[in-house]
Structure formats: C-alpha cells, structure tokens
Amino acid sequence: MIKPASTDQTFVVLLGGALAVTPRLRADVAGARVVAADGGMRHAAALGLTPEIWVGDFDSTPPELLAAWSAIERQPWPAAKNETDGALAVSVAAQRGAKNIVLAGALGGERSDHALMHLIHAVSLEEQGFSIKLTSGEEEAWPLLPGNREIDLPQGSLFSVLGLSPLAGLSLGNVRYPLSDFTLPFGASRTISNVAEGPIRLSLASGRAILIARPYDLSGA
C-alpha cells in the first residue's frame with residue numbers, strides 16, 4: 001500500500017471501472033483528497049468519500065448522479081477532447097499538489113482500452129516522480145521502474161510482473177519463485193502467476209513493467 005508522508009499530498013482519483021470495497025481499498029483511501037472523473041463518481045458513496053472536484057465531459061454520468069452530487073465543484077469538458085476524463089482528473093490532482101495517487105476503478109470494467117491506458121499512464125506518471133497505485137479493490141497494480149522497492153502483499157496471494165519492454169536485472173525476493181538478476185525478453189510469460197510469501201522485494205536494472213496482484217486470492221497458498 002502507498003505510505004504517504006503527508007495525507008494532503010495523497011489523492012484518490014475515482015475512475016469508471018469496477019470497484020469492490022475491501023479493507024485494503026479502505027486503507028488506501030483513508031484521509032486522502034479525492035477527485036472524481038465522470039462516471040467514477042458512482043463509487044464515492046460506497047467509499048464514504050466526498051470529492052473536492054468532479055472532472056469530465058459527463059457523458060457516462062446519469063442524471064440522478066448529477067443531482068445527488070450537485071454541490072460538488074465541476075470542471076466540465078467537451079466530449080470531443082484530446083485526453084480521457086481520467087487523465088484530466090489526474091492532471092487536476094497534480095495541480096492541487098498530489099504526490100501519491102491512487103487510481104481507484106482503474107482495472108477491469110467494460111473498456112479494456114481504458115484499463116490498458118490507465119496502466120500505461122501510470123508508468124508515465126511514475127517516471128515523472130509520482131507514486132502510483134491502481135486498484136479495483138480486488139486487484140492492485142504498481143508501475144515498476146529501475147530501482148529497488150518493497151510491496152506489501154499477504155502471504156499466499158497471487159501476483160504477476162508484466163514487462164512493457166525488455167527487462168534486465170530483475171530480482172524478486174520473498175516469493176515462491178524467486179529471481180535474481182534475471183533478463184526477461186519482451187513478451188515472455190516467465191513472470192506470470194507467482195506467489196507472495198509476505199511483503200515482496202523487487203529490484204530492476206532497466207526496463208518498464210507493471211506488477212498486478214490479487215491480494216485476496218490465496219489460491220497459491
């Protein structure tokens with residue numbers, strides 16, 4: 001989970017994908033500032049969140065949702081625009097001081113193109129210095145860039161590392177199938193379906209990747 005130094009720099013961006021309210025998700029959003037992107041506002045009530053601004057073209061927002069949150073500041077955009085509602089919402093969060101961003105509702109849903117774009121956008125944001133986590137409540141994802149990091153996962157939970165480029169110097173520790181200084185060709189499936197033995201340790205020398213985990217799926221235990 002993201003461990004921010006200051007909650008006023010942690011933002012949750014509510015996106016339109018599927019979202020299950022889980023204990024890990026509640027921990028991720030606790031105390032954070034909130035920006036809603038178009039139809040992502042439908043998740044606010046279930047999470048007990050009140051966004052400070054609502055961004056988008058509102059083409060996927062039903063009238064009853066607009067009425068229920070009529071007091072929220074809105075930043076409307078035309079449907080014919082150059083960025084997605086989610087990207088615009090992230091830009092607003094960044095303008096308001098975000099350093100740590102939880103993209104809630106970023107995984108799955110009806111639009112696989114949007115879900116893939118969220119993953120790619122997350123890597124770009126991480127390269128710009130933001131700390132990014134994507135979540136559906138039941139699945140979580142983090143961009144992986146060169147360097148070392150630890151990700152807190154329950155023992156027995158499934159996870160995969162997906163290379164978005166060739167990877168060099170990939171090491172995975174505290175996992176069922178460890179790797180040390182491994183080279184992963186682009187498109188190779190070697191790093192799919194590993195099992196965490198608790199918080200996992202990762203290092204990468206070069207390349208870009210995404211780690212996708214299922215913290216409530218303990219079928220690997």
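These legends accompany several close-up views of one predicted model. Local features are taken where pLDDT is at least 70 and side-chain atom pairs where it is 80 or more, while totals for chains, interfaces and linings use all residues. Residues are numbered from 1 along each chain as its sequence is written, and side-chain values use heavy atoms, with hydrogens and water left out.

View 1. Let us begin with β5, residues 100-104, where five of the five residues are buried (under 20% relative accessible area, with exposed meaning over 50% and partly exposed in between; 1.4 Å probe, protein chains only). Helices (H or I, at least four residues) and strands (E, at least two) are DSSP runs, numbered from the N terminus. One side of β5 carries N100, V102 and A104 and the other I101 and L103, and both faces are covered. Strand β1 (residues 10-14) runs parallel to β5 and is joined to it by five bridges; two strands count as paired if DSSP finds at least two bridges between them. Look for L14 opposite A104 in β5. Strand β6 (residues 131-135) also pairs with β5 in the parallel sense, over five bridges, and here L103 stands opposite L134.

**View 2. H43 and its contacts.** H43 sits in the loop between β2 (33-37) and α2 (44-47). Its relative accessibility is 7%, so H43 counts as buried. Which residues does H43 contact, leaving aside neighbours within four places in sequence? They are L14, L15, G16, G17 and L19, where contact means heavy atoms within 4.5 Å.

View 3. Helix α5 spans residues 112-127 and includes L116. L116 is partly exposed, at 48% relative accessible area. Together with M117 and I120, L116 forms a nonpolar surface patch of about 270 Å² accessible area. Patches are made of residues with over 30% relative accessible area and no salt bridge; like charges are joined within 9 Å and nonpolar side chains (Val, Leu, Ile, Met, Phe, Trp, Tyr) within 5 Å. A salt bridge is a side-chain nitrogen of Lys or Arg within 4 Å of a carboxyl oxygen of Asp or Glu. L125 also belongs to α5, but this residue is buried, with a relative accessible area of 5%. Not counting residues up to four places away in sequence, L125 touches V90, F130 and I132.

**View 4. The aromatic pair.** The structure holds one such pair. The ring centres of W54 and F58 are 5.2 Å apart and the planes meet at 85°, so the pair is edge-to-face. Rings of Phe, Tyr and Trp (its six-membered ring) pair if their centres lie within 6.5 Å; planes under 30 degrees apart count as stacked, over 60 as edge-to-face and the rest as tilted. W54 is buried at 0% relative accessible area, and F58 is buried at 16%.

**View 5. Strand β9 between antiparallel partners.** Strand β9 covers residues 158-163 and is joined by two bridges to β12 (residues 194-204), with the strands antiparallel. In this pairing F159 stands opposite N194. Six bridges join β9 to β13 (residues 209-214), again running antiparallel. There, V161 stands opposite L211.

Definitions and conventions: Accessible areas come from the Shrake-Rupley method with a 1.4 Å probe; for residues, only the protein chains shown count as cover.
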